[in-house]
Amino acid sequence: MMPPTRRRNLIIVAVTAVVASGLVFVVSKQSRDRRKQEVVNACNNGSAQACSTLCNDPKTPSAHACLQLGMMYAEGTSGQTKDEAAAVPFFTRACDMQDQEGCARYGRALFNGMGVSKDETRAYGILIKACQADNAYACVGVGIAKLSGRGTERDQDGAAGFLKKSCDAANMRGCSELATARWNGWGGAKDEVGAVALYKKACDGGEQRGCAGLGLAQMFGQGGLQKDPKAAIELLKKACETTAKDVCAALGGAYTQGLGVEADLLKASEFYKMACDNAAPSGCAELGEMYVNGKGVKQDPNQGLALFKKACDTGLTAGCVALGQAQLMGMGDKKELPEIAALFKKACDDKFPPGCTHLGTLEIEGAGVEKNEAQGMGRLKLACEQGHAPACTAYGMSLEKGVASQKPDSAGALENYRKACAGGDPNGCALEGAALVEGRVTKQDLKGGMAKLEESCKQGSAQGCSIQGTALLLGVQGKKGMKQGFEMLASLCQAGDPNSCMRVAGAFAEGRGTKQDMEKARGLLEQTCKAGFPPACELQKRLPPKE
């Protein structure tokens, strides 16, 4: 039997050992907690390695760290090369761990096709769920989706509500987008002063799109602000230099028009490209127009069409219309009329008046769609009432012809031409000018009519140039005018206008405005006839035979 003293010593040793091991455990846990907190702090301070360690912890992965790592890749910060594709898996992991900001970022990546295949419908489902969980960034995405009708039905009233929710939650991007909605009257009454207040709130909160909105208001002196184009340019430049690359398109517009800066089409094209490359559809349609027309860049219609398509595919309705117009003019690979009509229908379904104007015109003609004159007329009338001046011109032309079983209405046509001209459509001015020159359903006014024709021609209306040239050739301004008219029509003929070619041929046959030359008259009519213009074939038959 062990002596009592020895037993007591052993007990003391055992107790001491237990206490010591407990102290070691406590100290070890405190050390691990301290080290982990150091890693957390490092991650919060922008260490990608620390965030990676926390995100990939096999036992307790951190959703917040995954989100932070994703943001570093998405924005190219903390020493990481910008890589949207690398960012998406981290947003997805954060979302899977119920981090609603991660879900919002993943949803926006899906919505815009940034680093992952675009899936707007799936994106909307993720965004609406995160928004319902009170994530303000997701609510911005829902608002944008509803405004554009991407991934869900277009709903401007609903969009404004979600944008307001995000703005009320102090998300400055939401305030900026809400300002844009109020500026345009989307989801409520148009309110430029209220929009400017929201743009200022967003700008003061560090949202550069808000600063850009303020800049645009200053550019034109709207929303209660003093007009100051130079100050506006500084705001736009500052915004364009940040991640808000969509703003670069507005800067491109300023250089195109010479607003606050000297006009410079090359610089304009560079800013449009910056926007299109980084924030499509912004800038894509404008850059496409430059390529089609060879302004600021080397002319390349195929590149222009590709940019129109990119704008259309990324949700810009105007891009769809531009693509359809270009294809209708024969640019790019040949497209069947039904394909082109489908682009206009898509735009019209989105309540975009230019799309409805083109679709209505095709319906009246039965080109690419089922012929339906009454429906086409209805589309043109509504688009005109909505302020689209070319629709007023087209509607007036239909009234003058008397389509949809209606009698020709020259008076109604003239009223619409005047409305179109006042709205800025040079073709409307051309037709109004023609009515004044002829004295058709209005008092004849040769001087006023010719002035309108000349102005419409200067503004790019081939129709205006044609009517003006024809009037001059007929002698409304004497022999000198006849020569000018011949030259105008000859230029239009060279550009491919068959009607002008017929008139030039007639001028050669009669010696009007030029020296009589029957051989040239016959040759021109023969070419125009072979090009598929039946009236030229008929006129060719009426020329006197060769001697």
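**Close-up views of an all-residue predicted model**

At 12% relative accessibility, phenylalanine 508 counts as buried, where buried means under 20% relative accessible area, exposed over 50% and partly exposed in between (1.4 Å probe, protein chains only). This is a predicted model, in which local features need pLDDT of at least 70 and side-chain atom pairs count only at pLDDT 80 or more, while totals for chains, interfaces and linings use all residues. Residues are numbered from 1 along each chain as its sequence is written, and side-chain values use heavy atoms, with hydrogens and water left out.

**View 1. Phenylalanine 508 and its contacts.** Phenylalanine 508 sits in helix α27 (residues 498–510); helices (H or I, at least four residues) and strands (E, at least two) are DSSP runs, numbered from the N terminus. Leaving aside neighbours within four places in sequence, phenylalanine 508 is in contact (heavy atoms within 4.5 Å) with Phe486, Thr514, Lys515, Gln516, Asp517, Met518, Lys520 and Ala521. Glutamine 444 is 64 residues away along the chain, and its C-alpha is separated from that of phenylalanine 508 by 29 Å.

**View 2. The whole chain.** The chain has 29 helices and zero strands. Its radius of gyration is 34 Å, well over the 24 Å that the globule rule gives for 547 residues, so the chain is more spread out than a compact globule. That radius is taken over C-alpha atoms, and the globule rule is 2.2 Å times the number of residues to the power 0.38. The C-alpha trace spans about 150 × 50 × 45 Å along its principal axes. Of the 547 residues, 44% are buried. Among contacts with a separation of 6 or more, 40% come from residues 24 or more positions apart.

**View 3. Helix α21 and its cover.** Helix α21 (residues 389–401) has 13 residues and reaches 19 Å from its first C-alpha to its last, close to the 18 Å expected at 1.5 Å a residue; the expected span is 1.5 Å times one less than the number of residues. The buried residues of α21 are Ala389, Ala391, Cys392, Thr393, Ala394, Tyr395, Gly396, Ser398 and Leu399. Their cover includes α19 (353–365), α20 (373–385), α22 (410–422) and α23 (426–438). Just after α21, glycine 402 takes a positive phi of about 80 degrees.

**View 4. Serine 148 in helix α7.** Serine 148 lies in helix α7 (residues 136–148). With a relative accessible area of 19%, serine 148 is buried. Not counting residues up to four places away in sequence, serine 148 touches Phe111 and Arg154.

**View 5. The cis peptide bond at proline 281.** The peptide bond from alanine 280 to proline 281 is cis, with omega near 15 degrees. Proline 281 belongs to the loop between α14 (265–279) and α15 (284–293).

**View 6. Glutamine 98 in a loop.** Although not a glycine, glutamine 98 has a positive phi of about 70 degrees. Glutamine 98 is placed in the loop between α4 (84–96) and α5 (100–112). Its relative accessible area is 56%, and glutamine 98 is exposed.

**View 7. Valine 441 in a loop.** Valine 441 is found in the loop between α23 and α24 (446–458). Although not a glycine, valine 441 has a positive phi of about 50 degrees. Valine 441 is partly exposed, with a relative accessible area of 49%.
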